[in-house]
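Visitor: Could you show me how to read an interface, a helix and some backbone features in a model of this kind?

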Amino acid sequence: MVSHSAIILLLIPVLAVFLLGIESAFAQESTEQYILRRVEIWALFYRLMVVAFVIGAVVMGSIAYVVWRFRESHPKNRGDITPAKTGGAHQ
Amino acid sequence: VGHATIEWVYVGVVIAILVYVGADAWNIERLLEETPENAEVIKVTGAQWLWTFEYEDGTKSIGELRLTKDKPYRFEVTSVDVNHAFNIPDFTVLIDAIPGRINTISLVPDQSGEYLIQCREYCGFSHYQMRAKLIVEEPSGGEGGANVTNAAVEVPSKGATAIAS
């Protein structure tokens with residue numbers, strides 16, 4: 001289990017990213033005299049597509065790493081079938 | 001770095017991304033809901049299978065909508081029979097036309113030319129023909145309808161009649 005101090009320390013970067021997300025979202029006020037639907041909607045679409053593809057790349061990369069690292073023929077997986085000390089649970 | 005730490009970082013990043021996506025979309029939606037105070041109100045009525053437009057001066061037209069470039073408009077959209085949807089693809093305008101209800105959406109056309117207006121909710125046999133022509137003209141002194149910058153859209157001129165009320 002994670003200690004309280006570790007959680008508090010982790011909260012700092014998490015909150016920082018959280019606040020940055022909100023700030024960058026609201027920093028996109030248009031300087032035009034009028035809001036142009038066409039411009040705003042397509043800009044939003046492209047921003048969210050970038051987010052979607054980045055997440056997709058990270059997920060696919062993680063899957064590729066796990067498949068590669070935990071394959072039976074990986075050198076670190078050969079000859080050792082002893083279960084972990086904790087039975088697989090986190091320490 | 002233990003596994004638990006990685007998991008907490010992962011959870012934090014996921015939450016941050018979700019917050020960004022939600023806040024960004026909500027903010028743009030909020031901006032688009034604001035209608036400029038000097039917007040001209042145009043009453044848009046859908047009927048099987050044509051669009052009627054009523055301007056602020058009481059003038060009506062069927063199948064043809066004339067707007068001025070860089071001028072704000074607010075559409076008050078309704079229907080007299082079944083559900084329709086008022087759609088101007090080139091200006092990302094899309095809103096349902098529902099009998100007994102008035103839905104509003106605003107637009108500032110920033111490009112002159114001729115554009116397609118199309119019903120986007122299946123409304124019966126001739127739904128696919130329920131189109132109208134949007135003509136965005138240059139402000140006074142411009143070349144008007146002749147200054148077409150996007151003529152790629154084919155819009156039927158049938159039924160484009162002006163009615164003075």
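The dialogue below takes these topics in turn.

Guide: A word on conventions: this is a predicted model, in which local features need pLDDT of at least 70 and side-chain atom pairs count only at pLDDT 80 or more, while totals for chains, interfaces and linings use all residues. Residues are numbered from 1 along each chain as its sequence is written, chains are lettered from A and ligands numbered from 1 in the order in which they are written, and side-chain values use heavy atoms, with hydrogens and water left out.

Visitor: What area is buried between chain B and chain A?

Guide: The size of an interface is often given as the accessible area lost when the parts come together. Here the buried area (accessible area lost by two parts on being put together, 1.4 Å probe, summed over both) is about 2900 Å², with carbon and sulfur atoms giving 72%. In chain B, the residues that lose the most area to chain A are B:Tyr20, B:Leu32 and B:Thr92, together 21% of what that side buries.

Visitor: How many salt bridges does the rule find across this interface?

Guide: A salt bridge requires a side-chain nitrogen of Lys or Arg within 4 Å of a carboxyl oxygen of Asp or Glu. The rule finds 2 across the interface of chain B and chain A, and a salt bridge joins the side chains of B:Asp110 and A:Arg38 at 2.3 Å, N to O. On the side of chain B that touches chain A, helix H1 (3-33) and strand S8 (103-107) of chain B are the elements that give two or more residues, helices (H or I, at least four residues) and strands (E, at least two) being DSSP runs numbered from the N terminus. H1(B) gives the most, with 22 residues.

Visitor: Which residues of H1(B) are buried?

Guide: An α-helix has 3.6 residues a turn, so residues three or four places apart point the same way. In H1(B) the buried residues (under 20% relative accessible area, against over 50% for exposed and in between for partly exposed, 1.4 Å probe, protein chains only) include B:Gly12, B:Ala16, B:Tyr20, B:Ala23 and B:Asn27.

Visitor: Where does a cis peptide bond occur?

Guide: Most residues other than glycine have a negative phi, and most peptide bonds are trans. A cis peptide bond, with omega about 0°, joins B:Gln48 and B:Trp49. As for phi, B:Asp70 has a positive value of about 65° and is partly exposed at 43% relative accessible area, whereas B:Thr92, with phi near 50°, counts as buried at 16%.
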